[in-house]
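Work through the exercises below with the sequence and the model open. Try each task before reading its solution.

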Amino acid sequence: MAKKDERIVETRLGTMTLPEERVLTFPRGLIGFMGYREFTLIQLREESPFLVLQSLDDPKLGLLVADPYSFMTDYEVVIGEADRRLLDIETREQALVLVTVTIPQGMPERTTLNLSGPIVINNVARIGLQIPQTDSRYPAHYTPGMTGRK
């Protein structure tokens, strides 16, 4: 049985007991999943750059995400003033930046990162937003290790 400040949640990885401080709220949902507002991050393995952004509204919805800076150092996310206010951040350093990852079944060498739609999270306020980027240097299907982005 969960304590007062915990939830028992079903995930794609099984049943978990989740402390309330691990619940992230996405006031606008995510692109393609606008109706889903509560998520948590699940570490797949220690030392791995990959996590699952697990919906708490639907146990079948879990997105593979990663820290883009594990794969590249020159990624710049533009956060507009309205988004900064909603996230309650003053500087980019106050936010965790993640990108969604696609790994085709049986073809890990064709893994891509979606650099055009980063997910930005204020871990203190536990608020997240997906913030589309307009910079053409950052494609929706970036292959880690690519040289010369289009």
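Two strands pair if DSSP finds at least two bridges between them. Strands (E, at least two residues) and helices (H or I, at least four) are DSSP runs, numbered from the N terminus. This is a predicted model: local features need pLDDT of at least 70, side-chain atom pairs count only at pLDDT 80 or more, and totals for chains, interfaces and linings use all residues. Residues are numbered from 1 along each chain as its sequence is written, and side-chain values use heavy atoms, with hydrogens and water left out.

**Exercise 1.** Describe the pairing of β4 and β5.

Solution. Strand β4 covers residues 38-43 and β5 residues 50-55. They pair in the antiparallel sense over five bridges. L41 stands opposite L53 in β5. Six residues lie between the strands of this hairpin, where E47 takes a positive phi near 75°.

**Exercise 2.** Find the partner of E38 in a salt bridge, and say what the pair ties together.

Solution. A salt bridge is a side-chain nitrogen of Lys or Arg within 4 Å of a carboxyl oxygen of Asp or Glu. The side chains of E38 and R7 meet at 2.8 Å, N to O. E38 lies in β4 and R7 in β1 (residues 6-11), so the pair ties together parts 31 residues apart in sequence. A network of salt bridges links R7, E20 and E38.

**Exercise 3.** Is D83 buried or exposed?

Solution. Buried means under 20% relative accessible area, exposed over 50%, partly exposed in between (1.4 Å probe, protein chains only). D83 has 14%, so D83 is buried. Its salt-bridge partner is R28, at 2.9 Å between the closest N and O atoms. R28 is partly exposed, at 38%.
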